[in-house]
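This briefing goes through one protein chain by topic. Please have the sequence and the model open while reading.

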Amino acid sequence: MRRPIVIALSAGLVLALGTGAAGCTAPSGSPKASDRPPHAPALMPASHEGRFAELGAQGCYGCHGSSERADPLLASAPKMPADHYLGGSVDSREIDPVRTQCDTCHGQE
């Protein structure tokens, strides 16, 4: 009887620690973009404050997304990686539904 409890508690601890280490959301007082690891999601610049709340993922797509004419749509905006598109292909021209909460991973500077 004790063994299943210990296994369950151990699994819970591993999941809890793994979530903290691998989570996207930056903690309060997050480091500057230059201090972040190279694989970390880019931070939204301070000039983008409130944009996601106001415009949602389609607002992000309006500059960072792709069209038949441009990728990204706004030349000075970093383009969205292929894995952010439906089916992992820029050609879909649609955001993958699991990627529509941009501010979950891309915190504010």
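What share of the 109 residues of the protein count as buried? The share is 21%. The model is a predicted one. The protein has three helices and zero strands, and along the sequence this reads as α-α-α.

**Overall figures**

- The protein exposes about 7900 Å², and carbon and sulfur atoms supply 61% of that area.
- Of the contacts between residues at least 6 apart in sequence, 43% join residues at least 24 apart.
- Helix H2 covers residues 51-64 and helix H3 covers residues 102-105; several of the residues below are in the loop between these two helices.

**Cysteines**

- How many disulfides does the model contain? The count is zero.
- A disulfide is a covalent bond between the sulfur atoms of two cysteines, and the cut-off used here is 2.5 Å between the sulfurs.
- The sulfur of Cys102 is 3.7 Å from that of Cys60, its closest cysteine sulfur, which is too far for a bond.
- For Cys63 the closest cysteine sulfur is also in Cys60, at 8.6 Å, and this too is too far for a bond.
- Cys102 counts as buried, at 15% relative accessibility, whereas Cys63 is partly exposed, with a relative accessible area of 26%.

**Salt bridges**

- The model has two salt bridges.
- One of them joins the side chains of Arg99 and Asp83, at 3.2 Å from N to O.
- Arg99 and Asp83 each lie in the loop between H2 and H3, so this pair ties together parts that are 16 residues apart in sequence.
- Both partners are partly exposed: Arg99 has a relative accessible area of 29%, and Asp83 has 41%.
- In the other bridge, the side chains of Lys79 and Asp71 meet at 3.7 Å from N to O.
- Lys79 is exposed, with a relative accessible area of 53%, while Asp71 is partly exposed, at 32%.

**A buried charge without a partner**

- Where is Asp96 placed? Asp96 is in the loop between helix H2 and helix H3.
- Asp96 is buried yet has no salt bridge.
- Leaving aside residues up to four places away in sequence, Asp96 touches Asp83, His84, Tyr85 and Leu86.
- Among these contacts, Asp83 is the salt-bridge partner of Arg99.

**Aromatic pair**

- The model has one aromatic pair.
- Tyr61 and Tyr85 form this pair edge-to-face, with 6.1 Å centre to centre and 80° between the planes.
- The pair links distant parts of the chain, as Tyr61 is in helix H2 and Tyr85 is in the loop between H2 and H3, 24 residues apart.
- Tyr61 and Tyr85 are both buried.

- Most residues other than glycine have a negative phi, and most peptide bonds are trans.
- A cis peptide bond joins Asp71 and Pro72, with omega at about 5°.
- Pro72 lies in the loop between H2 and H3, and Asp71 also takes part in the bridge to Lys79.
- Arg93 is not a glycine, but its phi is positive, at about 60°.
- Arg93 is found in the loop between H2 and H3 and is partly exposed, with a relative accessible area of 29%.

Note on methods. Residues are numbered from 1 along each chain as its sequence is written. This is a predicted model: local features need pLDDT of at least 70, side-chain atom pairs count only at pLDDT 80 or more; totals for chains, interfaces and linings use all residues. Side-chain values use heavy atoms; hydrogens and water are left out. Buried means under 20% relative accessible area, exposed over 50%, partly exposed in between (1.4 Å probe, protein chains only). Helices (H or I, at least four residues) and strands (E, at least two) are DSSP runs, numbered from the N terminus. Lys and Arg count as positive and Asp and Glu as negative; His and the chain ends are not counted. A salt bridge is a side-chain nitrogen of Lys or Arg within 4 Å of a carboxyl oxygen of Asp or Glu. Contact means heavy atoms within 4.5 Å. Rings of Phe, Tyr and Trp (its six-membered ring) pair if their centres lie within 6.5 Å; planes under 30 degrees apart count as stacked, over 60 as edge-to-face and the rest as tilted. Accessible areas come from the Shrake-Rupley method with a 1.4 Å probe; for residues, only the protein chains shown count as cover.
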